[in-house]
Amino acid sequence: MINNQQNPAWWKNAVGYQIYPKSFYDSNNDGIGDLQGIIQKIPYIKSLGVNFVWLSPFFASPNIDNGYDVSDYQDIDPQYGTLDDTFEMIRKFHENDIRVVFDLVINHTSDQHHWFKEAQKSVDNPYHDFYIWQKPKNGREPNNWVSLFGGSAWEYNPATDEYYYHLFAKQPDLNWENPKVHDAVSQIIDWWTKHGVDGFRLDAISHLKKNQSFSDVTDQEAAMNNVPGIDKFLSELSDDFKRNHLMTVGEAGGVPVTRAQQWVDSKDGYFDMIFQFDHVSFWEKFAVGKVDVAMLRKALTNWQNGLEGIGWNALFLENHDLPRAVSYFGNDRDMRRQSATALAMMYFLMKGTPFIYQGQELGMTNVDFDSIDEYRDLDSRRFYQEELAKGATKAETLFKLRSKSRDNARTPMQWTSAGGFSNHEPWIEMNPNHKMINVQDEKQNSQSVMNFYKKLTELRLTDPILLNGKYHLIDTHDHQTYVYTRESGSTGYMIITNLSDEPAGYHVPIEYQNLKLILTNQPDLQDTRAMKLQPWSAYLYKYERTTSHEINE
């Protein structure tokens with residue numbers, strides 16, 4: 001039986017799998033994935049070799065932002081099932097030695113949450129100070145703060161002649177200056193712990209503290225992210241998590257590695273890991289461009305070196321808010337398998353806990369929607385209307401959405417060549433390439449993306465060097481290759497990848513001896529002293545090193 005108290009750092013030697021419940025598997029054929037669907041697919045999840053799952057929110061919600069607007073933290077959205085289904089799901093994951101991590105959204109709630117329904121009635125209501133309110137200024141919004149989803153971050157409430165603040169959609173932000181908010185959240189954490197949850201991913205956690213001057217700003221980011229004073233809130237939350245022996249990973253975009261060192265310090269940090277986005281946010285949200293491998297090397301190495309000996313990295317390329325990695329980083333047209341596997345090896349064997357997002361293990365790609373009517377993401381729809389209002393064409397705007405829309409990651413999981421997600425029209429269209437990319441076919445192909453991920457997972461979970469060995473970048477000073485080692489003493493692994501559409505050369509330094517090929521996505525072996533790397537090739541070698549000095553980075 002799983003016991004987190006006996007093994008509090010279980011998350012280090014682990015691989016996680018993120019499930020987006022709405023798009024995973026529909027068991028009752030209403031077009032929407034559900035909890036019983038997840039239960040039915042536990043054997044598949046176990047077959048991947050992962051040992052914990054992280055589930056995006058399925059709490060009660062009006063679904064303005066696909067469940068990230070919670071109206072009751074201790075109840076389930078009926079489209080997914082019931083509390084009994086949830087408890088059954090947790091129990092069956094545990095029976096299969098798979099831990100369960102929930103998404104906890106505590107920067108804001110839905111405006112349908114009973115806290116907010118009470119709060120908006122009057123300034124004297126006990127829940128009023130659970131949220132952030134300001135009086136109108138000259139008959140308008142109190143300041144120039146904007147929502148991350150566009151427009152003003154303030155919404156008027158006639159009953160109190162006040163505006164409430166919402167950083168995202170019209171989901172009122174909680175007022176963490178009020179200690180009662182922490183008390184209420186603490187009770188929610190305790191309640192789910194008693195029902196078997198093993199950890200939490202903390203949504204938008206770097207936004208809890210707000211600039212209390214509420215004055216106009218020129219730097220919107222400074223007013224809404226990692227504001228001085230946030231440490232008090234995080235420290236109090238950390239006590240709740242540690243008391244319950246929970247694994248925590250904070251979503252912390254915009255938090256630099258120098259701050260993250262404090263947040264994930266192994267002795268007295270707030271979280272076990274954080275998700276940072278330096279390697280997936282090279283441009284503005286909907287900008288389109290080719291990822292520069294040199295920038296990628298720099299971003300990831302900064303975090304590997306920055307947390308070495310201090311804290312632990314969370315390793316990922318995809319999640320529910322990002323485009324598909326093989327489309328964003330790779331070549332999803334004529335080198336899909338090669339680029340999906342090369343990218344997998346590149347990130348998966350760094351120091352940290354790897355996360356796989358559903359469908360990533362298949363090499364699922366971005367979807368090519370022809371009309372804005374096919375998009376469901378409110379942020380994508382907002383962007384489309386704003387771009388057209390600026391004079392952009394429909395074709396130009398759809399091109400940007402095909403590259404970066406969140407809906408790219410939210411199309412249904414591709415189980416069979418016929419689709420296999422549901423016998424009903426799905427809530428969002430399935431990617432037509434499910435005929436060629438699906439679980440059924442990937443299982444049968446020994447060279448598939450899925451089987452490559454399985455091999456990486458087995459290596460990551462069984463080799464102590466890949467768990468604790470130090471990361472060293474071998475900087476190739478080019479825009480194609482990413483080469484690094486994981487080393488303990490004089491023994492280590494060398495990871496060599498060509499992340500480009502063109503051939504590349506690489507010469508293994510002379511001090512690396514007795515190289516043994518462990519895994520590759522290529523059919524041919526290489527002369528390791530003068531490698532001719534084919535586009536999107538990846539090689540993992542084990543070696544002995546003749547000198548004990550560290551590699552220059």
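**Exercise 1. Classify Tyr-73 and Trp-115 as buried or exposed.**

Solution. Tyr-73 has a relative accessible area of 2%, so Tyr-73 is buried. The classes are: buried under 20% relative accessible area, exposed over 50%, partly exposed in between, with a 1.4 Å probe and protein chains only. Trp-115, with a relative accessible area of 7%, is buried.

The model is predicted: local features need pLDDT of at least 70, side-chain atom pairs count only at pLDDT 80 or more, and totals for chains, interfaces and linings use all residues. Residues are numbered from 1 along each chain as its sequence is written, and side-chain values use heavy atoms, with hydrogens and water left out.

**Exercise 2. State how many aromatic pairs the structure holds, and describe the pair of Tyr-73 and Trp-115.**

Solution. A pair of aromatic rings is described by the distance of the centres and the angle of the planes. Rings of Phe, Tyr and Trp (its six-membered ring) pair if their centres lie within 6.5 Å; planes under 30 degrees apart count as stacked, over 60 as edge-to-face and the rest as tilted. The structure holds 47 such pairs. Tyr-73 and Trp-115 are 6.0 Å apart centre to centre, with 35° between the planes, and the pair is tilted. This pair links distant parts of the chain, 42 residues apart: Tyr-73 lies in strand β4 (residues 72–76) and Trp-115 in helix α4 (residues 114–119). Helices (H or I, at least four residues) and strands (E, at least two) are DSSP runs, numbered from the N terminus.

**Exercise 3. Assign the geometry of the pair Trp-191 and Trp-192, and the accessibility class of each residue.**

Solution. The ring centres of Trp-191 and Trp-192 are 4.8 Å apart and the planes stand at 85°, so the pair is edge-to-face. Trp-191 has 23% relative accessibility and therefore counts as partly exposed. Trp-192 has 0% and counts as buried.

**Exercise 4. Compare the radius of gyration of the protein chain with the globule rule.**

Solution. The rule is 2.2 Å times the number of residues to the power 0.38, and the radius is taken over C-alpha atoms. For 553 residues a compact globule would have a radius near 24 Å; the protein chain has 24 Å, which agrees. The C-alpha trace spans about 75 × 50 × 50 Å along its principal axes. The chain comprises 16 helices and 20 strands, and 61% of its 553 residues count as buried.
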